[in-house]
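Student: I would like to learn how to read the features of a protein model. Could you take me through one?

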Amino acid sequence: MRRRTRTPAAPLPQRAGIDPVRLRLPADPEGAWPTVRDHLLGRYAGAIGAERVDAMFAAGRFVGADGAAVGADEPYEPGRYVWFHRDFPAEERVPFEVGIVYRDERIVVADKPHFLATTPRGRHVTETALARLRRELDLPWLQPAHRLDRLTAGLALFVVRPGERGAYQTLFRDRRVRKEYEAVAPYEPSLELPVTVRSRIVKERGVPAAREEQGEPNSESRVELLEHRGGLGRYRLVPATGRTHQLRVHMAGLGVPILHDPLYPVVREDGPEDYTRPLQLLARTLEFADPVTGAPMRFVSRLRLSGLG
């Protein structure tokens with residue numbers, strides 16, 4: 001049996017709570033890349049330009065496993081590891097804090113505010129719950145156990161020790177976490193509730209909104225009405241599955257789209273964030289048996305939705 005080579009530890013520290021990019025140089029049977037620079041130009045010049053790649057070489061920003069700068073003219077070696085920090089995009093600070101609901105030596109349960117992404121992705125890198133918590137709690141190895149949509153507020157579970165992350169991720173993968181959400185949406189007296197919605201949801205890469213289509217259901221949500229006044233209702237939503245935008249899709253499909261939803265039922269034009277109109281969806285509770293200790297755990301968000309007054 002072929003023994004797997006252990007990946008070296010990153011020689012660069014985190015920057016603003018973000019890990020350096022790790023690149024393992026691939027095989028080059030055709031000899032297309034005589035030098036490291038040739039490969040990195042082919043890989044990144046289309047995105048950031050050849051001049052920027054060369055400037056990063058000149059500044060010593062590409063480093064090897066020993067932390068020494070990699071020279072542009074060094075011979076290409078398949079399997080070699082190279083690290084670097086990418087240039088972060090300019091980001092507007094989301095003007096809300098990340099609350100801490102619970103913290104011990106294994107996990108952090110945070111109250112993520114609306115508009116803040118859980119993890120770095122796309123144009124949201126340093127303005128994410130993960131990057132903020134790493135900096136604010138001085139926990140550089142912190143990792144998420146699951147993901148909460150950027151526009152949704154509420155409970156998000158993070159794991160302190162890298163070796164235990166898989167155990168907590170498995171809880172979510174195997175649907176052994178009971179999640180309960182609250183939402184504010186129009187009140188429709190003709191809608192018979194509670195109801196369990198099952199449908200097939202498809203989300204295509206690059207398309208903002210998911211859609212429902214015919215076929216075997218891959219999503220399930222229970223919807224209950226808690227109260228109503230002034231034409232609006234407060235709903236309890238209990239998902240049995242975790243498809244992208246599942247609760248938002250199901251509420252829109254029932255004819256009661258969640259208040260201030262920019263995608264359902266109609267995709268609005270992209271524009272500046274309106275922090276006064278957050279999506280009225282809150283991840284309110286998380287319940288599970290701790291996979292390390294076996295202890296029952298239950299957490300409740302301290303945030304509240306504003307849409308019902």
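The dialogue below goes through the chain feature by feature.

Student: What kind of model is this, and how are residues numbered?

Tutor: This is a predicted model, in which local features need pLDDT of at least 70, side-chain atom pairs count only at pLDDT 80 or more, and totals for chains, interfaces and linings use all residues. Residues are numbered from 1 along each chain as its sequence is written, and side-chain values use heavy atoms, with hydrogens and water left out.

Student: How many helices and strands are there in the chain?

Tutor: Helices (H or I, at least four residues) and strands (E, at least two) are DSSP runs, numbered from the N terminus. The chain has five helices and 13 strands. Its C-alpha atoms fill a box of roughly 70 × 45 × 40 Å along the principal axes.

Student: What share of the residues counts as buried?

Tutor: Buried means under 20% relative accessible area, exposed over 50%, and partly exposed in between (1.4 Å probe, protein chains only). Of the 309 residues of the chain, 43% count as buried.

Student: Which residues of the largest nonpolar core touch the most other members?

Tutor: In soluble globular proteins, nonpolar side chains tend to be buried together. A nonpolar core is a set of buried Ala, Val, Leu, Ile, Met, Phe, Trp, Tyr and Cys residues joined through side-chain atoms within 4.5 Å. The largest one here has 32 residues, and Leu142, Phe158, Leu237, Met251 and Leu281 touch the most other members. Elements that each supply at least two residues of this core include strand 4 (107-112), helix 3 (129-137) and strand 12 (281-289). Helix 3 gives the largest share, four residues. Another core, of 15 residues, lies apart from it, with Val109 and Leu286 among its members.

Student: What is Leu281 in contact with?

Tutor: Contact means heavy atoms within 4.5 Å. Leaving aside neighbours within four places in sequence, the contacts of Leu281 include His114, Tyr181, Leu237, Leu247 and Leu305.

Student: At what angle do helix 1 and helix 2 pack?

Tutor: Two packed helices are described by the angle between their axes and the distance between the axes. Axes are lines fitted to C-alpha atoms, for helices over the stretch in contact, and angles run from 0 to 180 degrees between N-to-C directions. Helix 1 (residues 36-48) and helix 2 (residues 50-58) pack at about 130°, with their axes 7 Å apart. That makes helix 1 oblique to helix 2, since angles under 35 degrees count as roughly parallel, over 145 as roughly antiparallel, 65 to 115 as roughly perpendicular and the rest as oblique. Among the residues making the contact are Leu40 and Tyr44 of helix 1 and Val53 and Phe57 of helix 2.

Student: Is Arg175 buried or exposed, and what about His245?

Tutor: Arg175 is exposed, with a relative accessible area of 57%, whereas His245 counts as buried at 13%. Phi of Arg175 is near 60°, a positive value in a residue other than glycine. For His245, phi is near 60° too. Arg175 lies in the loop between helix 4 (165-173) and strand 7, and His245 in the loop between strand 11 and helix 5.
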